[in-house]
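Open the model in a viewer and keep the selection panel at hand. The stops below say what to select and what is there.

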Amino acid sequence: MIKVAIMGFGTIGSGVYEVLETNKEILARRTGEGLEVKYILDLREFPGSSAEHKIVHDFDRILRDEEIQIVVETMGGLDPAYTFVKACLEAGKHVATSNKALVAAYGTELLGIARKKNVNFLFEASVGGGIPIIRPLYRCLMGEKIEEITGILNGTTNFILTKMDREGMSFERALKEAQALGYAERNPEADVEGHDACRKIAILTAMATGKEVNYEEIPTEGITKITDIDFRYASALGMSIKLIGSSRMEGGKVHAWVAPMMVGRDHPLYAVSDVYNGIVVKGNMVGTTMFYGSGVGKLPTASAVVADLVEAAMHMDSNIPIGWSEEKLSITPMSEGVCRYFVRVSGSYEDRKDMVQAVFGKSRVAELNGLLEFGFLTGEMKESGFMENLEVLKVELTAEYQEVLQVIRVCR
């Protein structure tokens, strides 16, 4: 029997324990030995729980026990997760984590320690909840040159945007509902400002390129400025709005970003709604593939962690060649990216038509009844050129006491 320790007995940690107990016989057949939780590290007690006698409060008990061969980290955050995980790897223990902040910040170092110690640092659950995506990148698509990864990577923001789209809710009201249902934290900044999705696209980009990605270099915008009116325009144009994380590897450059984007009905991510995630991966040979499933939730995420436990159990004496090297990847500035743009402008289109066409050329226009404003879609252009044109338009509008109300990129 392979002895396991779980660090953190919150939503995901307790889910891992539940999966291990419920699927005990299946896991025994697949690992050949079975997986047994010996310790659960947490500050709290859990009287009456089936796990209460496994609770420990001292990390050193896990670290020093040679019976513990695999450690699960589901504490979240960086401190003390980083210290504990690093110590476990250096002690020759395999580690599986759901902690995207840890992987994004220290993945390069921890993968290096795992290789040196001939153990494994596994992190399937750090991206996409229960969606298999990390393993397909290093197994199923290992013969591919990955050209693009684009996805809806955060279930909380997708739930909020779905409510705004389908029910006309304001951002504030949709956020409160997400919090009431437990999808959003009391402090939702990491989700709604795009930081969570940024870390995830950084991990996926590193997996695709084999190089270290600094998530702090990825341009990131959240959804707090998206309004119900924006969704009315999107509907009129046959689109919706999603928070998109994307990286494109083309022409020897890597473009990566996180931003709210308009998504057309013909795009595979258009139908991804509620708390679900969808990730589109394009390879040079296989073409377009899509991974879809629950992006949040106790058991879906726990299932991904347990899959890593099985992977580790099947490679107890060897390091699986996954991850990336210490070579740093340079992210191309957002200004060099090419995109279409949706622009909202106050005032009447008939009065501003010549001005808009003079700056952006002929554009697709949308107007909403009862609003003295209009929106238009530009053609594809480099972001630097778009921003220059936008400044020209702003100057022209200011002279007439009008203004640009919103700018949203369009997913291609």
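Select Tyr 341, Tyr 349, Phe 360, Phe 374, Phe 376 and Phe 386: together they form one aromatic cluster. The model is predicted, and 14 aromatic pairs are found in it.

Next, select Phe 159 and Tyr 183, which form an aromatic pair. Their ring centres are 5.0 Å apart and the planes are at 65°. The pair counts as edge-to-face because the angle is over 60 degrees. Phe 159 belongs to helix H7, while Tyr 183 sits in the loop between H8 and helix H9 (189-192), so the pair ties together parts 24 residues apart in sequence.

Are these two residues buried or exposed? Phe 159 has a relative accessible area of 5% and is buried. Tyr 183, with 31% relative accessibility, counts as partly exposed.

The crossing of H7 and H8 is right-handed.

Now show the side chains at this crossing. On H7 the contact is made by Phe 159, Ile 160, Lys 163 and Met 164; on H8, by Phe 171, Ala 174, Leu 175, Glu 177 and Ala 178. Coloured by type, the residues of this contact divide into seven nonpolar and two charged, with no polar ones.

Conventions
Residues numbered from 1 in each chain as written. Predicted model: local features only at pLDDT ≥ 70, side-chain atom pairs only at ≥ 80, totals over all residues. Heavy atoms only, no water. Left-handed = near helix turned anticlockwise from the far one by under 90°. Helix = DSSP H or I, 4+ residues; strand = E, 2+ residues; numbered from the N terminus. Contact = heavy atoms within 4.5 Å. Nonpolar A, V, L, I, M, F, W, Y, C, P; charged D, E, K, R; others polar. Phe/Tyr/Trp six-rings, centres within 6.5 Å; stacked < 30°, edge-to-face > 60°. Buried < 20%, exposed > 50% of the residue type's maximum accessible area, 1.4 Å probe, protein only.
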